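Please look over the sequence and the structure shown here before reading on.

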Amino acid sequence: MLTVYGNPMSTCTRKVLCLLDEKGADFEFSVVDFTKGEHKQPAHLARQPFGQVPAIDHDGFALYESRAICRYLDEALGGPRLIPGDGKHRAIVEQWISVESANFTPHAMKILYQLFFGPMRGQAPDQAVVTAARTSLQHTLAVVERQLAQTPFLAGTEFTLADIVFLPYIEYLVACGQGDLFTARPAVSAWWTRCSTRPSWLKAAGKT
Ligand SMILES: N[C@@H](CCC(=O)N[C@@H](CS)C(=O)NCC(=O)O)C(=O)O
């Protein structure tokens with residue numbers, strides 16, 4: 001029995017949901033309601049000591065951190081592998097996951113905080129922060145563009161966890177009017193269309 005504790009709007013939860021759909025896995029989704037502060041209450045802090053989502057329970061095995069969860073579930077469950085078995089190929093997937101977590105997501109989150117989460121709390125966006133983060137993202141996306149000009153997915157010919165981990169942030173950036181970051185680059189743009197129209201992503205993003 002697998003239970004995912006998460007929130008349907010959460011970027012990190014969406015990575016896990018996308019992976020589970022790719023694998024055709026059965027699971028129970030338990031919503032942690034941010035509007036009620038459930039993520040900071042003892043029941044959830046026992047699962048995730050930082051008061052964040054997602055977390056899982058798989059037959060009594062508890063785990064938090066979205067990337068660790070995805071790696072574990074890919075190995076533990078049946079269905080297609082989202083992290084390849086071959087050492088070099090797996091290392092390439094890990095390389096792109098590191099690029100995502102170190103060179104992409106911190107900048108993306110600065111923009112999303114200014115344009116999405118801050119305004120939800122009544123805060124005015126700081127345009128200077130957005131501009132600086134966009135410049136950093138341009139640099140990362142130039143590197144991503146070079147790769148995607150050679151292969152349809154980040155780690156080669158197959159859709160892998162390397163692609164999944166980028167999708168939730170791009171979805172929100174596009175929704176915040178930052179789609180030009182991606183459409184300006186032909187290979188990135190084609191990759192985003194390829195990935196974001198997959199049934200697994202449409203479901204994870206709550207579009208189907
Ligand atoms: N490194 C964690 C980050 C989790 C995270 O930031 N979750 C957000 C939602 S996407 C959250 O729970 N935010 C609420 C909070 O930090 O109070 C992971 O990858 O699981």
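A residue is called buried under 20% relative accessible area, exposed over 50%, and partly exposed in between, with a 1.4 Å probe and only the protein chains considered. The model is a predicted one, in which local features need pLDDT of at least 70 and side-chain atom pairs count only at pLDDT 80 or more, while totals for chains, interfaces and linings use all residues. Residues are numbered from 1 along each chain as its sequence is written, and side-chain values use heavy atoms, with hydrogens and water left out.

**Aromatic rings**

Rings of Phe, Tyr and Trp (for Trp, the six-membered ring) form a pair if their centres lie within 6.5 Å, and the pair counts as stacked if the planes are under 30 degrees apart, as edge-to-face if they are over 60, and as tilted for the rest. By this rule, a search of the whole structure finds 8 aromatic pairs. One of them joins F50 and Y64, whose ring centres are 6.2 Å apart with 70° between the planes, an edge-to-face arrangement. This pair links distant parts of the chain, since F50 is in the loop between α2 (42-45) and β3 (55-58) and Y64 is in strand β4 (residues 61-64), 14 residues apart. Here helices (H or I, at least four residues) and strands (E, at least two) are DSSP runs, numbered from the N terminus. F50 is exposed because its relative accessible area is 55%, whereas Y64, at 30%, counts as partly exposed.

The rings of F117 and Y172 have centres 6.3 Å apart and planes at 50°, so this pair is tilted. It also links distant parts of the chain, with F117 in helix α4 (residues 87-120) and Y172 in helix α7 (residues 167-175), 55 residues apart. F117 is partly exposed at 24% relative accessible area, while Y172 is buried at 5%. Elsewhere, ring pairs link F104, F166 and W191 into a cluster.

**Charges over rings**

A charge sits over a ring if NZ of Lys or CZ of Arg is within 6 Å of the ring centre and within 35 degrees of the ring normal. The charged end of R47 lies over the ring of Y5 in this way, 3.8 Å from its centre, and that of R198 lies over the ring of F159, 3.9 Å from its centre.

**Cysteines**

C18 is buried, because its relative accessible area is 0%.

**Ligand and polar contacts**

A residue is near a molecule if one of its heavy atoms lies within 4 Å of it. Of the 13 residues around the ligand, K40, Q52, V53, E65 and S66 come nearest. A polar contact is a pair of N or O atoms within 3.5 Å; within protein, one must be able to donate a hydrogen and the other to accept it, and residues adjacent in sequence count only if both atoms are side-chain atoms.

| Residue and part | Ligand atom | Distance |
|---|---|---|
| K40, side chain | oxygen | 2.7 Å |
| V53, backbone | nitrogen | 2.9 Å |
| E65, side chain | nitrogen | 2.7 Å |

The protein covers 74% of the 510 Å² of accessible area that the ligand has on its own, where accessible areas come from the Shrake-Rupley method with a 1.4 Å probe, and for residues only the protein chains shown count as cover.

Within the protein, the side chain of E22 makes a polar contact of 2.5 Å with the side chain of S200. E22 lies in helix α1 (residues 11-22) and counts as buried at 17% relative accessibility.
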